Amino acid sequence: MVSIFIVAALIWLFAEAQSVSERVVEIRVTILSPTGSGLFVNVDDAAWTGRASVRIQGARAAIGDAAGKLADGVPLFVGAPGIAAEPGRQVIDLRSALMANPPLDGADVTIAAVEPRTIELRIDELVRVPNIPIRASLPGVQTIGDMVIEPSTTTLVIPTRIRDELGARVNSLVVDATLP
């Protein structure tokens with residue numbers, strides 16, 4: 001009699017864990033370009049706060065696991081599924097990108113809805129601008145003798161869009177080195 005009760009209780013517990021459920025989880029989403037990719041990504045969406053409301057569905061146990069994995073936030077990388085590594089503007093479907101990338105790509109859950117549904121990105125190539133002079137900026141400090149800065153120039157790495165906006169002025173850039 002006791003063994004029948006134990007078996008029934010185990011079956012009930014298993015069925016309860018496998019029953020379909022849903023939960024809304026607030027997550028932090030960060031859009032990044034991989035180190036060394038030569039790409040710069042900027043979220044070009046005034047409404048984007050870096051947070052998304054995700055309604056996940058699945059077995060209770062799977063939802064609990066997924067919610068735990070989402071608690072630390074989700075990094076989405078340019079070039080990963082759902083985010084093309086191509087310069088220019090693109091609108092990503094946040095649901096598709098979240099489902100295709102860790103931690104949800106292997107989870108036994110589905111995303112029923114996500115808000116916001118899309119995010120607009122601007123992806124740009126990084127370019128090197130060499131030989132930018134460095135100038136000391138010491139407000140309120142009087143120096144004795146000439147100041148020498150070594151090295152006297154640096155190389156800036158900036159998005160192509162900014163270089164193009166600067167045009168010929170990019171050759172007259174100066175970096176101010178300010179002491180705290």
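Q: Which residues is Leu98 in contact with, leaving aside its neighbours within four places in sequence?
A: Beyond those neighbours, Leu98 is in contact with Ile27, Val54, Val74, Leu76, Leu104, Asp105, Ile111 and Val114. Contact means heavy atoms within 4.5 Å. This is a predicted model, in which local features need pLDDT of at least 70 and side-chain atom pairs count only at pLDDT 80 or more, while totals for chains, interfaces and linings use all residues. Residues are numbered from 1 along each chain as its sequence is written, and side-chain values use heavy atoms, with hydrogens and water left out.

Q: What makes a set of residues a nonpolar core?
A: The members must be buried Ala, Val, Leu, Ile, Met, Phe, Trp, Tyr or Cys, joined through side-chain atoms within 4.5 Å. Buried means under 20% relative accessible area, exposed means over 50%, and partly exposed lies in between (1.4 Å probe, protein chains only). The largest such core has 31 residues, of which Ile27, Val29, Ile31, Val54, Leu76, Leu94 and Leu98 touch the most other members.

Q: Which elements give two or more residues to this core?
A: They are β1 (20-32), β2 (39-43), β3 (51-59), α2 (60-70), β4 (74-77), α3 (94-100), β6 (109-115) and β7 (118-137). The helices (H or I, at least four residues) and strands (E, at least two) are DSSP runs, numbered from the N terminus. The largest share, five residues, comes from α2. A second, separate core has five residues, including Val127, Val129, Ile132 and Val170.

Q: Why is the pair of Arg55 and Glu22 called a salt bridge?
A: A salt bridge requires a side-chain nitrogen of Lys or Arg within 4 Å of a carboxyl oxygen of Asp or Glu. The closest N and O atoms of Arg55 and Glu22 are 3.3 Å apart, so the pair qualifies. Arg55 lies in strand β3 and Glu22 in strand β1, 33 residues apart. By this rule the count comes to six salt bridges.

Q: Why is Arg55 not called buried?
A: Its relative accessibility is 30%, and therefore Arg55 counts as partly exposed. Glu22, at 41%, also counts as partly exposed.

Q: What makes Asp44 a partner in one salt-bridge network?
A: Asp44 forms a salt bridge with Arg89, the closest N and O atoms being 2.1 Å apart. Asp44 sits in the loop between β2 and β3, and Arg89 in strand β5 (residues 88-93), 45 residues apart. Asp44 also forms a salt bridge with Arg122, at 3.9 Å between the closest N and O atoms. Arg122 is in strand β7, 78 residues from Asp44. Salt bridges that share partners join Asp44, Arg89, Glu120 and Arg122 into one network.

Q: Why is Gln90 called buried?
A: Its relative accessible area is 15%, which is under the cut-off, so Gln90 is buried. Gln90 lies in strand β5.
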